[in-house]
Amino acid sequence: MDLHGGRVRVRRSIRFFSPLLLLVFLFPGSGYAQRGGRGGGAPANPKQAAALDLTGYWVSVITEDWKFRMVTPKKGIYETLPLNAEGRRAGDTFDPAKDEAAGEQCRAYGAANIMRLPERLHITWDNDTTLKIETDAGTQTRLFHFGQAPAPTGERTWQGFSQAQWEYAAGGGRGGGPRTGNLKVVTTNLRAGYVRKNGAPYSQNAVVTEYYDLNTMPNGDQHLTITTKVDDSTYFTRPYLTSSDFKKLPDATAWNPTPCSSR
């Protein structure tokens with residue numbers, strides 16, 4: 001498939017993490033200042049202080065693990081996943097009919113996996129301190145809270161609680177130039193769900209760390225790359241690292257909200 005009309009584009013290639021990408025997680029402050037801005041005083045709020053303009057409509061560009069993301073693999077196929085013995089045992093009990101009967105069709109649409117699904121995103125500012133991401137796959141909504149947001153309380157949810165901060169590139173914004181950098185998001189307070197639609201699990205104790213970066217292609221297309229680390233000592237032997245790509249769309253023409261599905 002291609003991207004005409006906002007359809008998901010599939011590139012049959014395998015991507016590997018470079019040492020530079022791994023350094024993002026080993027030394028997250030390297031190359032970026034977590035606070036900063038233009039000279040002459042700090043901007044009034046996170047919306048004005050944005051290191052990136054993420055707003056607009058985006059469509060998945062499937063470049064990594066395409067055979068597991070475009071078609072749901074059979075139960076028990078855990079290739080590329082760092083599941084431990086307990087994770088495999090839990091995954092082997094997967095029963096989509098049971099999830100449907102329990103009203104839990106959205107288990108694969110939680111924050112630990114939602115950006116891996118073939119889909120479109122709509123990104124807007126909910127207010128000056130909260131960035132909102134809506135997905136047409138599963139009709140999910142994520143809220144990224146900047147600043148000293150209160151600690152999460154109450155019932156766990158599929159999208160959990162996301163704390164966000166801009167990480168500015170060294171020297172960005174000097175001399176009146178544009179501010180640059182990336183967005184870091186840490187999500188907790190999750191309901192247990194799946195990192196793959198075949199029932200490969202993550203627990204309610206999982207912590208999802210994401211880095212959002214923008215790149216402009218030689219033809220002028222704008223791409224969003226989301227580098228994700230899922231930490232879950234309950235079901236994983238090590239952190240689960242992925243990289244998910246999206247291409248910016250001109251408008252909402254292809255936006256197609258669909259409900260969660262267990263199959």
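How many aromatic pairs does a search of the whole structure find? The search turns up 7, where rings of Phe, Tyr and Trp (its six-membered ring) pair if their centres lie within 6.5 Å. One of them joins Phe-236 and Tyr-240, with 6.1 Å from centre to centre and 75° between the planes, so this pair is edge-to-face (planes over 60 degrees apart; under 30 is stacked, and the rest are tilted). Phe-236 is buried at 6% relative accessible area, and Tyr-240 is buried too, at 6% (buried means under 20%, exposed over 50%, partly exposed in between, with a 1.4 Å probe and protein chains only). Elsewhere, Trp-125, Phe-146 and Trp-166 make up one aromatic cluster.

A word on the numbers: this is a predicted model, in which local features need pLDDT of at least 70 and side-chain atom pairs count only at pLDDT 80 or more, while totals for chains, interfaces and linings use all residues. Residues are numbered from 1 along each chain as its sequence is written, and side-chain values use heavy atoms, leaving out hydrogens and water.

Rings also meet charges here. The charged end of Arg-191 sits over the ring of Trp-158, 3.9 Å from its centre, and that of Arg-196 sits over the ring of Phe-68 at 4.1 Å (NZ of Lys or CZ of Arg within 6 Å of the ring centre and within 35 degrees of the ring normal).

As for strands (DSSP runs of E, at least two residues, numbered from the N terminus), strand 7 (residues 161-169) pairs with strand 6 (residues 141-146) in the parallel sense over 3 bridges; pairing takes at least two DSSP bridges. His-145 has Gln-163 in strand 7 as its bridge partner. Strand 7 also pairs with strand 8 (residues 181-188), antiparallel over 8 bridges, and Ser-162 stands opposite Thr-187 in strand 8.

How values were computed: Helix = DSSP H or I, 4+ residues; strand = E, 2+ residues; numbered from the N terminus.
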